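Colleague: I am new to reading structures. Could you take me through one, feature by feature?

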Amino acid sequence: QVQLVESGGGLVQAGGSLRLSCAASGSVFRRNTMGWYHQAPGKQREFIATITSAGSTNYADSVKGRFTISRDNAKNTMYLQMNSLKPEDTGVYYCNIASFWGAPIGGSWGQGTQVTVSS
């Protein structure tokens with residue numbers, strides 16, 4: 001079973017940027033589509049972006065043009081560059097194995113990384 005460790009969150013002002021990382025164990029990472037998910041306070045976790053092993057990407061409308069997903073298969077690591085952050089981007093960010101269209105298909109979740117955007 002793949003282990004996932006998210007990092008890079010923090011406190012940032014609206015309009016600022018953060019870069020999140022997702023480190024994954026095992027060869028599962030390299031051959032799977034991976035995704036980022038956002039859980040705002042009091043709300044359900046929702047799809048943000050996915051990236052296939054070959055680098056094709058898919059984004060939720062709410063982050064298109066602001067967030068960029070990428071991956072380094074040699075390092076078993078995925079990234080999320082978050083620009084032009086808004087207060088509504090506040091929440092915990094998770095990564096997981098995913099379908100291209102955003103459904104999480106990994107069996108478990110990591111701890112996530114907290115992002116707080118102040119207005």
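Colleague: In which sense do strand 5 and strand 6 pair?

Modeller: Start with the general idea. Strands of a sheet pair through backbone hydrogen bonds, either parallel or antiparallel. In this predicted model, strand 5 and strand 6 pair in the antiparallel sense, over three bridges. Take A49: its bridge partner in strand 6 is Y59.

Colleague: What is the order of the six strands in the open sheet?

Modeller: The order is 2-10-9-4-5-6, and the pairing is mixed. Strand 2 (10-13) and strand 6 (57-59) are the edge strands, each pairing on one side only. From one strand to the next, the twist averages 25 degrees.

Colleague: Now the core. Which residues have the most contacts inside the largest nonpolar core?

Modeller: General idea again. In soluble globular proteins, nonpolar side chains tend to be buried together. Here the largest nonpolar core has 26 residues, and W36, M78, L80 and Y93 have the most contacts inside it. Several strands supply at least two residues each, including strand 4 (34-39) and strand 8 (77-82). Strand 3 gives the most, with four residues.

Colleague: What is M78 in contact with, leaving aside its neighbours within four places in sequence?

Modeller: Its contacts include L20, C22, F29, W36, I51, I69 and C95.

Colleague: Is N76 buried or exposed?

Modeller: The cut-off for buried is under 20% relative accessible area. N76 has 12% relative accessibility, so N76 counts as buried. N76 lies in the loop between strand 7 and strand 8. N76 is not a glycine, yet has a positive phi of about 50 degrees.

Colleague: And where does S84 lie?

Modeller: S84 lies in the loop between strand 8 and strand 9. S84 also has a positive phi of about 50 degrees, although not a glycine. At 41% relative accessibility, S84 counts as partly exposed.

Notes. Residues numbered from 1 in each chain as written. Predicted model: local features only at pLDDT ≥ 70, side-chain atom pairs only at ≥ 80, totals over all residues. Heavy atoms only, no water. Core = buried A, V, L, I, M, F, W, Y, C linked by side-chain atoms within 4.5 Å. Buried < 20%, exposed > 50% of the residue type's maximum accessible area, 1.4 Å probe, protein only. Contact = heavy atoms within 4.5 Å. Pairing = 2+ DSSP bridges. Axes fitted to C-alpha atoms, helices over the stretch in contact; angles between N-to-C directions.
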